[in-house]
Amino acid sequence: AVVQRRVREIHTFQHYIKRINLSMGGDGGSIPTRCELVREKKEPEKKNKDQDMVGRWQHCALSGHQLVKPIVACALGRLYNKEAVINHILERGGKSHIKKLTDVVELQLTDNKSYKSDIKADLYIDHYNAPFMCPVLGLEMSGRYRFLFNWACGCAVSERVTLEIPSQTCHKCGNAVSEEDNIVINGSVEDLSRLMVRMKRRREQLKADKKREKEEGGEESKKKSDQKRGTKKPPPSTSGAVKRVKTTEEGEKSKGYEERDSYKKLFHKNSNSQKDKAHWVTYNPYYN
């Protein structure tokens with residue numbers, strides 16, 4: 001029994017060695033470990049939060065280039081370079097929600113004076129240092145704090161300002177604004193779904209307003225054309241001019257021939273009734 005068990009162990013060991021030689025070669029008598037023989041599921045790569053935040057808040061969502069003024073934002077709260085948006089519209093690229101310049105708003109941003117763009121390789125990179133900030137509280141627009149912009153005026157402020165200081169006017173420019181026009185910049189998935197519904201509602205309202213203005217303009221043009229057709233101006237009468245001509249002719253005939261202007265023009269250069277006076281040096285009372 002002991003011999004049989006020993007032979008069985010030898011056979012299993014030989015089979016194990018053959019299996020190693022077929023899969024890995026087994027050069028030099030190396031014995032593989034479990035992690036080399038068993039395949040495990042790979043964990044998905046984790047995103048670097050800092051890099052993702054810098055990419056969304058300091059780079060264009062279309063071209064991926066650094067954000068440079070003029071900067072625009074769409075109804076979903078994404079940031080773009082205006083030049084990239086114009087190129088996108090001219091190229092008519094893809095099924096995008098940006099089809100014309102009225103689909104974006106130019107942002108009125110406040111520069112951050114403490115921002116340093118020329119960072120050397122041996123220095124610490126502060127990812128929360130942003131080129132723009134809130135004009136009221138001074139919070140940097142880096143993604144650490146939630147920011148809003150108003151669709152009517154384009155001014156960008158932090159959400160904390162609207163919560164702590166509620167107002168019906170813009171905190172930067174002072175124009176009248178409504179809470180419905182506030183759009184979250186680079187919001188969450190819930191914010192995007194809410195902004196999508198609001199964008200569709202706004203576009204439907206614009207179409208309805210344009211249609212109504214077109215109908216009202218057509219009715220006004222019809223009224224004006226009807227008024228022009230119905231009211232025709234009578235031709236100007238020439239009776240007054242004839243009377244004036246007759247009176248002047250009668251006045252000329254009633255005068256003597258010496259007093260008429262036509263007789264005086266024969267002897268005087270001027271058309272006036274008075275004679276030309278000679279110069280005081282050559283004046284002679286017998287002839288002048």
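Which residue in β3 does Val 72 stand opposite? Val 72 stands opposite Glu 106. The model is predicted; local features need pLDDT of at least 70, side-chain atom pairs count only at pLDDT 80 or more, and totals for chains, interfaces and linings use all residues. Residues are numbered from 1 along each chain as its sequence is written, and side-chain values use heavy atoms, with hydrogens and water left out.

**View 1. An open sheet of three strands has the order β2-β1-β3 and antiparallel pairing.** Strands are DSSP runs of E with at least two residues, helices are runs of H or I with at least four, and both are numbered from the N terminus. Two strands pair if DSSP finds at least two bridges between them. β2 and β3 are the edge strands, each pairing on one side only.

**View 2. Strand β1 (residues 71–74) is covered on both faces.** Ile 71 and Ala 73 lie on one side, Val 72 and Cys 74 on the other, and all are buried (under 20% relative accessible area, with a 1.4 Å probe and protein chains only). In a regular strand, side chains alternate between the two faces of the sheet.

**View 3. β1 and β2 (residues 79–81) run antiparallel and are joined by three bridges.** Leu 79 is the bridge partner of Ala 73, and Tyr 80 stands opposite Val 72. Four residues lie between the strands of this hairpin, where Gly 77 takes a positive phi near 85°.

**View 4. Helix α3 (residues 49–57) has Met 53, Val 54 and Trp 57 buried.** Down the axis of α3, the buried residues fall within an arc of 100°, so they line one face of the helix; the arc is that of the directions from the helix axis to the C-beta atoms.

Note on methods: Buried means under 20% relative accessible area, exposed over 50%, partly exposed in between (1.4 Å probe, protein chains only).
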